[in-house]
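Please look over the sequence and the model shown below before reading on.

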Amino acid sequence: MTYSKCIKMRTNVTEFVFLGLFMNKEMKILSLIFFLLCYLAILLGNFVIFMTISYSYLIQQPMYYFLCHLALMDLGYTSTIIPRLIRDLVAKRKNISYNSCMTQLFSAHLLGGVEMFILVLMAFDRYIAICKPLHYLIIVNRKRCNLFILLAWVVAFWHSIAQLLMILSLPFCGPNQIDHYICDVKPLLQLACMDTSIVNSLVTANTGMVALVTFLVLVSSYIVILYNLRTCSSEGRRKALSTCGSHIMVVVLFFVPCVSTYVPPPRAGNNDKEFSIFYTVIAPMLNPLIYTLRNSEMKNIMQKVLFRKISLLFNSNI
């Protein structure tokens, strides 16, 4: 079939069908329970972090300001993926329209991209706080924090637009079965009825290499931070290690599976959908636990905010 004929036939594919994670019925039931509990934990944990920071003095501190935005991104990012995944585990036919597929692709890359850059901002914040403490309030002020968040949205938007345009330019003549549980670039490339070697290279450059370089920059920044802790007091070193330890765990959980998914070229029989569970489900679920259990300040403020809300609710009922 020639490329011109394929372009004419591209409208033949009006929907895609997910193959999902498991074909076994027992595994589907277990997965349904697991992902439902994970999603509830994500909603509860990230909502509590957002409310705790928003209704306390912590919102004035750059680190918690970025953490508040990270919680929002986790809520939005997972809500574009997990509800659909749970629905497909019980559905007889896991179909999704072409337009809905493109919407999910764009939304997931947009929100995931913003989250990735927020993790960079959190590393930058810790670097300035530890390595240049005297200039911290000047460099990381609220106006600059807002500008950084806006920049994260702009960069993520152009990244996701580039991904979307690459897929929209491809002809899909059939088959239409996606070997995944979400609409993503690499599984869709395998369905295109044309040579996608150039597009594969662009995807690797746009997503894979960006994720890899960002991960290496983050690792390097934390190495510099840990090196500079030599000059801190034992109490300051302990507090900084606790905070940076939490950040490093989140970075590893998010970036290592992401790099493993997007850097290698698309091929049949790979483990992309298994790896993607870590950054679409596991990392957003563990983020609230990692940032709160290792942070006594967050735990104390959580208790105060919760007590205040319960008191207000009790007084209003009286």
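Which element supplies the largest share of the lining of the largest pocket? In this predicted model, that share comes from α10, which contributes nine residues.

**The largest pocket**
- The largest pocket has a volume of about 520 Å³, and its lining is made up of 25 residues.
- M63, R126, K239, T243 and E297 are the lining residues that lie nearest the centre of this pocket.
- At least two lining residues come from each of α3 (62–79), α5 (98–131), α10 (234–262) and α12 (296–317).
- Sorted by class, the lining of the largest pocket holds eleven nonpolar, eight polar and six charged residues.

**The second largest pocket**
- The second largest pocket has a volume of about 230 Å³, and eleven residues line it, of which V48, T52, M302, V305 and L306 lie nearest its centre.
- Two or more residues of this lining are given by each of α2 (25–54) and α12, and α12 gives the most, with seven residues.
- The lining of the second largest pocket divides into seven nonpolar, two polar and two charged residues.

**The loop residue K92**
- K92 is found in the loop that runs between α4 (82–90) and β2 (95–97).
- Is K92 buried or exposed? K92 counts as exposed because its relative accessibility is 89%, and the cut-off for exposed is over 50%.
- Although K92 and T103 are eleven residues apart along the chain, their C-alpha atoms are separated by 23 Å.

Notes. Residues are numbered from 1 along each chain as its sequence is written. This is a predicted model: local features need pLDDT of at least 70, side-chain atom pairs count only at pLDDT 80 or more; totals for chains, interfaces and linings use all residues. Side-chain values use heavy atoms; hydrogens and water are left out. Helices (H or I, at least four residues) and strands (E, at least two) are DSSP runs, numbered from the N terminus. Buried means under 20% relative accessible area, exposed over 50%, partly exposed in between (1.4 Å probe, protein chains only). On a 1 Å grid over the protein atoms alone, a cavity is a set of points where a 1.4 Å probe fits but cannot get out, and a pocket is an open set with protein on both sides within 12 Å along at least five of seven lines; lining residues have an atom within 4 Å of a point. Grid points are joined across faces, edges and corners, and a volume is the space filled by probe spheres set on the points. Ala, Val, Leu, Ile, Met, Phe, Trp, Tyr, Cys and Pro count as nonpolar, Asp, Glu, Lys and Arg as charged, and the others, Gly among them, as polar.
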